[in-house]
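Here is a friendly walk through one protein model, written for someone who would like to know where to look. Please keep the viewer open as you read.

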Amino acid sequence: MSDLLYKNICNYVNLSKEDFSRFVKPFEYRKFKKKEVVLKEGDYCIFEGFVLSGCFKIYYMNENGFEQTLYFAVEGWWITDIDSLINSVPSILNIEALEDSEVLMISKKDKEHLYEIMPQIEKLFRIMNQKSSVALQRRILSLTGKTADKRYLEFLEKYPGLEQRLTQQQVASYLGITHEFLSKIRKKIVKNS
């Protein structure tokens, strides 16, 4: 079950099977049912989770009361509210399972302990945080500088096959548009292909 995590980690750092066993020991295996909330706005985030199976949406409610999806986390992705986790502040994000899902979760305390006893783990999370920062920057630039058509095409490239697992409303929320406008974009793309 943790093979996916091992492969993911080996993309960033070299870790022997023995070291990986030590690394994965403090992780807790959790199952979440479809629509189950993992983190609710106002709660404190005390975990990071590695998605083994399933799909999650990480979102917030904007000031107009509309849901705005920051990202989807599928197999091989991580879930957390990094601001709440690092700064010990109430979360402004919600994390919800969109499918029955399985996650390996680690507490902030256990992760900090791993940093102390396994220096390569601190390097691992530094590299992952850098990649996450790059992805966030690209997402902001896309939302502020690209047309909805281009954002939709980027979504299809970034999350291959995910569209079939989501509702049109969920995809539209990620793109920052209405589901009616998304329908128009889809029709236009089909017509032009």
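The report below goes through the model's background, sheets, cores, pockets and a few loop residues.

## About the model

This is a predicted model, in which local features need pLDDT of at least 70 and side-chain atom pairs count only at pLDDT 80 or more, while totals for chains, interfaces and linings use all residues. Residues are numbered from 1 along each chain as its sequence is written, and side-chain values use heavy atoms, with hydrogens and water left out.

Helices (DSSP runs of H or I, at least four residues) and strands (runs of E, at least two) are numbered from the N terminus.

## Strands and their partners

Let us start with the strands. Two strands pair if DSSP finds at least two bridges between them. An open sheet holds 4 strands in the order β1-β8-β3-β6, and their pairing is antiparallel. At its edges are β1 (28–32) and β6 (78–79), each of which pairs on one side only. Within this sheet, β3 and β8 run antiparallel and are joined by 6 bridges; Val51 has Val103 in β8 as its bridge partner.

Now look at β4 and β5, which pair in the antiparallel sense over 7 bridges. They form a hairpin with 5 residues between them, and Gly65 in the turn has a positive phi of about 85 degrees. Lys57 is bridged to Phe72 in β5, and Phe56 has Ala73 as its partner in that strand. Phe56 also has a bridge partner in β7, namely Ala97; β4 and β7 run antiparallel and are joined by 4 bridges. Because 5 of the 7 residues of β4 are buried, this strand is largely enclosed by the rest of the structure. Here, buried means under 20% relative accessible area, exposed means over 50%, and partly exposed is in between, using a 1.4 Å probe and protein chains only.

## Nonpolar cores

A nonpolar core is a set of buried Ala, Val, Leu, Ile, Met, Phe, Trp, Tyr and Cys residues joined through side-chain atoms within 4.5 Å. Which residues touch the most other members of the largest nonpolar core? They are Leu5, Phe23 and Ile121, out of 22 residues in that core. The elements that give two or more residues to this core are α1 (3–10), α2 (17–24), β3 (47–53), β8 (101–107), α4 (108–117) and α5 (119–145). The largest share, 5 residues, comes from α5.

Leaving aside its neighbours within four places in sequence, Ile121 is in contact (heavy atoms within 4.5 Å) with Leu15, Phe23, Leu114 and Tyr115. There is also a second, separate core of 17 residues, which includes Ala148, Phe155, Tyr159 and Leu162.

## Pockets

A pocket is worked out on a 1 Å grid over the protein atoms alone: it is an open set of points where a 1.4 Å probe fits, with protein on both sides within 12 Å along at least five of seven lines, and its lining residues have an atom within 4 Å of a point. Grid points are joined across faces, edges and corners, and a volume is the space filled by probe spheres set on the points.

The largest pocket has a volume of about 1500 Å³. Of its 46 lining residues, Tyr71, Trp77, Ser132, Ala135 and Leu136 lie nearest its centre. The largest share of this lining, 16 residues, comes from α5. By class, the lining has 23 nonpolar, 12 polar and 11 charged residues. The second largest pocket has a volume of about 220 Å³, and its lining includes Asn62, Phe66, Gln169 and His179. Here α7 gives the most, with 3 residues.

## Loop residues worth a look

Most residues other than glycine have a negative phi. Lys35, which is not a glycine, has a positive phi of about 75 degrees. Lys35 sits in the loop between β1 and β2 (37–39) and is exposed, with a relative accessible area of 62%. Ser88 also has a positive phi, near 50 degrees. Ser88 lies in the loop between α3 and β7 (94–97) and is partly exposed, at 49% relative accessible area.

Finally, Pro160 is found in the loop between α6 and α7 and counts as exposed at 65% relative accessibility. Pro160 and Val103 are 57 residues apart in sequence and 21 Å apart in space, C-alpha to C-alpha.

Conventions. Nonpolar A, V, L, I, M, F, W, Y, C, P; charged D, E, K, R; others polar.
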